[in-house]
Amino acid sequence: MPDSAPRPTPSAVPSSDDLVELLAGSPGRLVLTAPATPEVIDLAHVMLEHLHTEPEQATPTARMRFEMAVIEVLGNIVEHAYSHDASLALDEHSEGRRVEIRLALTPDHLVASLSDNGRPVTLDLEDLPMPDEMAESGRGLALASAALDVFEFERIGDHNHWRMACRLS
């Protein structure tokens, strides 16, 4: 269905609790738990492709926004949550540090939850400035925030939890 086709108005932006329920209750949800290595990004691309087996449900723009945000956050998890973890040997690093990816397509939203047992993250998602135009990095979370309707982070116990949602239209 093209972007310009009329669509029913999606429901209100889901709350954090609603996102958890949407993911848990979605019959077509996809879940992956894997070592937090660069290869997990390739697996996430396959999951996102599989999520869109009925592409008429989400506009191409919504799909692009959602996919970009999920991959940017996952890339940050792989790069930053583990890159400075010198306390683990290389083989322990890949097996001990894990990420869980949950994706779902609901009637109104694309929904994702990413959890990892990496180092604690300190950031304010309400204040993610875009770096200088000459900077070679630092745009990922700001772009993800701009692309999503819901973008939340919290540290619970020894896990980082990222929740994301994007309206289908």
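Mentor: Start with Arg163, which lies in strand E5. Strands here are DSSP runs of E with at least two residues, helices are runs of H or I with at least four residues, and both are numbered from the N terminus.

Trainee: Before that, what kind of model is this, and what are the ground rules?

Mentor: It is a predicted model: local features need pLDDT of at least 70, side-chain atom pairs count only at pLDDT 80 or more, and totals for chains, interfaces and linings use all residues. Residues are numbered from 1 along each chain as its sequence is written, and side-chain values use heavy atoms, with hydrogens and water left out.

Trainee: Is Arg163 buried or exposed?

Mentor: Arg163 counts as buried, because its relative accessibility is 9%. The cut-offs are under 20% relative accessible area for buried and over 50% for exposed, with partly exposed in between (1.4 Å probe, protein chains only).

Trainee: Which residue does Arg163 form a salt bridge with at 3.3 Å?

Mentor: That one is Glu152, with 3.3 Å between the closest N and O atoms. A salt bridge here is a side-chain nitrogen of Lys or Arg within 4 Å of a carboxyl oxygen of Asp or Glu.

Trainee: Switching to the strands. How do E4 and E5 pair?

Mentor: They are antiparallel, with 7 bridges. Pairing needs at least two DSSP bridges between two strands. Glu152 has Arg163 as its bridge partner in E5.

Trainee: What happens at Gly157?

Mentor: Gly157 takes a positive phi near 60° in the hairpin of E4 and E5, which has 2 residues between the strands.

Trainee: How many salt bridges does the structure hold?

Mentor: It holds 5. One of them joins the side chains of Arg167 and Asp149, at 3.2 Å from N to O. Arg167 is in strand E5 (residues 159–167), while Asp149 is in the loop between helix H5 (140–147) and strand E4 (150–156), 18 residues apart. Arg167 is partly exposed at 26%, and Asp149 is partly exposed at 28%.

Trainee: Which residues are linked with Arg167 in a network?

Mentor: Arg65 and Asp149, through salt bridges.

Trainee: Zooming out, what is the secondary structure count?

Mentor: There are 5 helices and 5 strands. Along the sequence the pattern is α-β-α-α-α-β-β-α-β-β.

Trainee: How much of the protein is buried?

Mentor: Of its 169 residues, 40% are buried.
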